[in-house]
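Read it with the model open.

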Amino acid sequence: VQARFRNSLTYGRPLSSSPLSQSPHHNTPSYPPPVILEKSTGTSIVLSWEKPTINGGKAVSGYELWMDYWEGGESFMVFDGTDQPNTLEHTITTSDVGPQSQVLETGRQYQFKV
């Protein structure tokens, strides 16, 4: 970074910052590996995921699991694991009603992401 200062006569010489540059202390974590289908029955789906390989310099504090209909459309959260960094599995059943009144339907295909 450089700065130049001005008075009523003119600009002064440019001054460089010290240090010249610096990297941020923390970055976002890498993407976790794809969600794993552990078990599927006529009434439930058990999903799991792994921690990201790069945490960005700070411990991961939790996960959100998002679901989308296979045909596409808008994703919606089905699990909010904020402040649950050790929760790496979630079960969704046909009796669950999600935050936007979505229901898991038998025989339908879904996509999931963390």
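In this predicted model, three strands each give at least two residues to the lining of the largest pocket: S3 (36-40), S4 (44-48) and S8 (110-113).

**Largest pocket**
- The space inside comes to about 300 Å³.
- The lining counts 19 residues.
- Leu37, Ser40, Ile45, Tyr110 and Phe112 lie nearest the centre of this pocket.
- Sorted by class, the lining holds nine polar, eight nonpolar and two charged residues.

**Second largest pocket**
- This pocket holds about 230 Å³ of space.
- Its lining is made of 13 residues, and Pro29, Pro32, Val60, Gly62 and Tyr63 are the closest to the centre.
- Strand S5 (residues 62-69) provides the largest share of that lining, with three residues.
- Seven of the lining residues are nonpolar, five are polar and one is charged.

**Serine 48**
- Is serine 48 buried or exposed? Its relative accessible area is 8%, which is under the 20% cut-off, so serine 48 counts as buried.
- The side chain of serine 48 makes a polar contact of 2.5 Å with the side chain of glutamate 38.
- Leaving aside residues up to four places away in sequence, serine 48 touches Val35, Ile36, Glu38, Leu88 and Glu89.

Definitions and conventions:
Residues are numbered from 1 along each chain as its sequence is written. This is a predicted model: local features need pLDDT of at least 70, side-chain atom pairs count only at pLDDT 80 or more; totals for chains, interfaces and linings use all residues. Side-chain values use heavy atoms; hydrogens and water are left out. On a 1 Å grid over the protein atoms alone, a cavity is a set of points where a 1.4 Å probe fits but cannot get out, and a pocket is an open set with protein on both sides within 12 Å along at least five of seven lines; lining residues have an atom within 4 Å of a point. Grid points are joined across faces, edges and corners, and a volume is the space filled by probe spheres set on the points. Helices (H or I, at least four residues) and strands (E, at least two) are DSSP runs, numbered from the N terminus. Ala, Val, Leu, Ile, Met, Phe, Trp, Tyr, Cys and Pro count as nonpolar, Asp, Glu, Lys and Arg as charged, and the others, Gly among them, as polar. Buried means under 20% relative accessible area, exposed over 50%, partly exposed in between (1.4 Å probe, protein chains only). A polar contact is a pair of N or O atoms within 3.5 Å; within protein, one must be able to donate a hydrogen and the other to accept it, and residues adjacent in sequence count only if both atoms are side-chain atoms. Contact means heavy atoms within 4.5 Å.
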